[in-house]
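Subject: Handover of a structure and findings

Dear colleague,

Please find the structure below, handed over for your own work. The findings follow directly after it.

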Amino acid sequence: MPKRGKNYKNSLKEFDRAELYDTDQAMEIITKVSKAKFDETIEAHIRLGVDGRHADQQVRGAIVLPNGIGKSKTVLVFAKGPKATEAEEAGADYVGAEEMAQKIQSGWFDFDVVIATPDMMSVVGRLGKLLGPKGLMPNPKSGTVTMDVAKAIEEVKAGKVEYRLDKTNIIHTPIGKASFGAEKLTQNFEALMGAIIKAKPASAKGQYLRSVTVTPTMGPGVKINPAKL
């Protein structure tokens with residue numbers, strides 16, 4: 001078992017790790033236990049009662065959080081001609097086509113989000129084995145395969161986050177920074193949960209929200225009562 005630092009141990013005295021808290025209480029606690037010397041990222045970890053191995057039980061989407069996530073994301077856009085110009089004017093950090101694919105194949109990954117126009121997916125598709133494992137593959141469901149590249153870039157820069165199941169049927173998503181304070185974190189969290197609940201597959205049976213935990217980068221997690229969401 002890994003050794004825990006002094007700050008972590010002190011944080012455990014602030015709350016009961018076994019208790020299920022209301023959202024407001026959890027966000028108050030999480031800001032108190034974020035004691036690192038840097039502005040810690042707060043993440044939500046949501047275990048769902050679905051089986052992601054089945055296509056009809058996949059849960060995936062994207063949402064622009066009302067208060068952003070406190071980090072500016074680097075955006076790469078695959079586009080040509082007028083759409084490439086549109087992407088540059090909209091604030092994309094990198095814009096290109098085949099030459100960008102070659103850079104990625106050479107090991108370049110200095111970006112956080114990939115957006116592509118539909119006509120460029122024949123090029124991007126060849127990068128599936130490189131982008132897929134990193135969660136960077138453009139997808140229409142997350143709004144990253146689109147002809148409206150300006151809108152897609154604007155949403156990413158404004159704090160759009162993608163949520164998707166991992167292999168253990170858990171969604172891991174940032175909801176902001178500790179410096180946001182409890183109120184803004186609550187607003188972001190509730191917007192995220194609203195989207196995830198709305199995305200419940202019709203084939204999902206039983207309890208949909210199994211467990212919900214929010215954690216700071218360096219501190220302990222706080223459990224939220226899923227029955228009250």
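The second largest pocket holds about 160 Å³ of space. Here a pocket is an open set of points on a 1 Å grid over the protein atoms alone, where a 1.4 Å probe fits, with protein on both sides within 12 Å along at least five of seven lines. Its volume is the space filled by probe spheres set on the points, which are joined across faces, edges and corners. The lining residues, those with an atom within 4 Å of a point, are D51, G52, R53, Q58, R60, R164, L165, D166, K167 and N169. By class, one of them is nonpolar, three are polar and six are charged. In this scheme Ala, Val, Leu, Ile, Met, Phe, Trp, Tyr, Cys and Pro count as nonpolar, Asp, Glu, Lys and Arg as charged, and the others, Gly among them, as polar.

The model is a predicted one, in which local features need pLDDT of at least 70 and side-chain atom pairs count only at pLDDT 80 or more, whereas totals for chains, interfaces and linings use all residues. Residues are numbered from 1 along each chain as its sequence is written, and side-chain values use heavy atoms, with hydrogens and water left out.

N169, one of the residues lining that pocket, lies in the loop between β6 and β7; strands are DSSP runs of E with at least two residues, helices runs of H or I with at least four, numbered from the N terminus. N169 is not a glycine, yet its phi is positive, at about 65°. With a relative accessible area of 15%, N169 is buried (under 20%; exposed is over 50%, partly exposed in between; 1.4 Å probe, protein chains only).

Q57 sits in the loop between β1 (41-48) and β2 (60-64). Q57 is also buried, at 14% relative accessible area. Leaving aside residues up to four places away in sequence, Q57 touches V50, D51, G52, L165, P201 and S203, where contact means heavy atoms within 4.5 Å.

The largest pocket contains about 750 Å³ of space. Of its 31 lining residues, K73, D112, K134, G135 and E162 are the closest to its centre. The elements giving two or more residues to this lining are β1, β5 (113-116), β6 (160-164) and β7 (170-177). The lining divides into 14 nonpolar, seven polar and ten charged residues.

Yours sincerely
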